[in-house]
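Please read these comments with the structure open beside you. They are meant for someone new to reading protein models.

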Amino acid sequence: AGDNSSNSSADTLTKPKLHYFAFRGRALASRVALFNSLGKDGWIDQRVSLPRFKRDPNVKQPMQNPDRLIKNEYITNNLPQLDLPCGTRVSQSHAIARYAAKLQPKATNLPPHFLSNLYPSDKVEAMIVDEAIAIVDQILLLTPKDVDAETRKLRRDEYQDTGFLRVGMEVLEGRLAVSGGPFLLGDQLTIADLYLRAPLCDLFDLGQFEGVDSNFYNAFPRIKACGDAVLEHPLLKAYHETYKN
């Protein structure tokens with residue numbers, strides 16, 4: 001099993017520690033990228049209890065705190081968060097995933113699953129990766145969340161018919177068509193494909209996208225195929241030998 005529970009100060013000082021909940025969500029790309037670069041023993045996968053996190057006073061009721069980077073266990077009121085041995089703590093899954101994907105293990109100790117281009121060095125390819133990640137983020141951010149159920153349903157109907165959910169999915173589907181698939185850069189797996197798998201495909205596959213039925217998702221077969229291909233990639237198979245999700 002992975003190093004999921006270590007809290008020792010020695011580990012904290014010598015290994016990056018990723019804080020996130022016990023599901024894939026926004027952290028799959030970061031976790032896989034850390035595993036790709038550092039293996040199972042080079043980082044700490046700190047699985048955080050969601051109820052405990054919500055009870056944290058700095059999360060439950062964030063106060064003005066100019067020293068939050070120094071004093072708070074969690075520097076924002078959301079996760080993931082990466083704690084580095086140098087003492088720096090970083091939020092935002094995109095930044096963490098890019099950082100982790102750029103780490104280079106020692107050439108004499110490359111794990112068999114290692115991918116050197118999980119975040120591409122080519123500038124155009126990197127831009128396509130960044131675009132896809134941003135689209136997934138925008139889809140989640142712009143999803144109507146009205147408290148009134150009837151209003152929420154109406155706005156989500158519009159969101160999938162003519163709103164950014166459809167626009168964003170069409171762009172991603174088009175990118176996959178251009179690349180030839182199964183991934184956004186053809187045969188090359190990147191952190192963008194991991195974001196397509198989770199959180200995007202998971203929302204549909206797990207029935208968590210309230211108000212959006214399967215007929216909508218079925219209209220984007222390349223996105224579905226990309227999400228499936230991610231789980232069958234050798235890197236993910238190696239990752240899942242140690243980590244459940």
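The points below go through the sheet, the helices on it, and the nonpolar cores.

1. Please keep in mind that this is a predicted model.

2. The sheet is open and has four strands, in the order S2-S1-S3-S4, with mixed pairing. Its edges are strand S2 (44-48) and strand S4 (89-91), each of which pairs on one side only. On average, neighbouring strands are turned by 20° against each other, direction ignored.

3. Inside the sheet, look at strand S1 (residues 17-21) and strand S3 (residues 81-83). They run antiparallel and are joined by three bridges. In this pair, Leu-18 of the one chain stretch stands opposite Leu-82 in S3.

4. Which strands does helix H2 touch? Helix H2 (residues 28-38) packs on the sheet and touches S1, S2 and S3, and its direction makes about 150° with that of S1. Helix H6 (residues 93-102) also packs on the sheet, where it touches S1, S3 and S4; the angle between its direction and that of S4 is about 120°.

5. The largest nonpolar core has 58 residues, and those touching the most other members are Leu-165, Met-169, Ile-191, Leu-196, Leu-200, Phe-204 and Ile-223. Several helices supply at least two residues each, including H2, H6, helix H7 (123-142) and helix H9 (164-179). Helix H10 (191-205) gives the most, with ten residues.

6. Leaving aside residues up to four places away in sequence, Leu-196 touches Ala-132, Val-136, Leu-172, Leu-176, Leu-184, Cys-201 and Cys-226.

7. Another core, of eight residues, lies apart from the largest one; among its members are Phe-21, Val-48, Val-59 and Leu-79.

How values were computed
Residues numbered from 1 in each chain as written. Predicted model: local features only at pLDDT ≥ 70, side-chain atom pairs only at ≥ 80, totals over all residues. Heavy atoms only, no water. Pairing = 2+ DSSP bridges. Axes fitted to C-alpha atoms, helices over the stretch in contact; angles between N-to-C directions. Contact = heavy atoms within 4.5 Å. Core = buried A, V, L, I, M, F, W, Y, C linked by side-chain atoms within 4.5 Å. Buried < 20%, exposed > 50% of the residue type's maximum accessible area, 1.4 Å probe, protein only.
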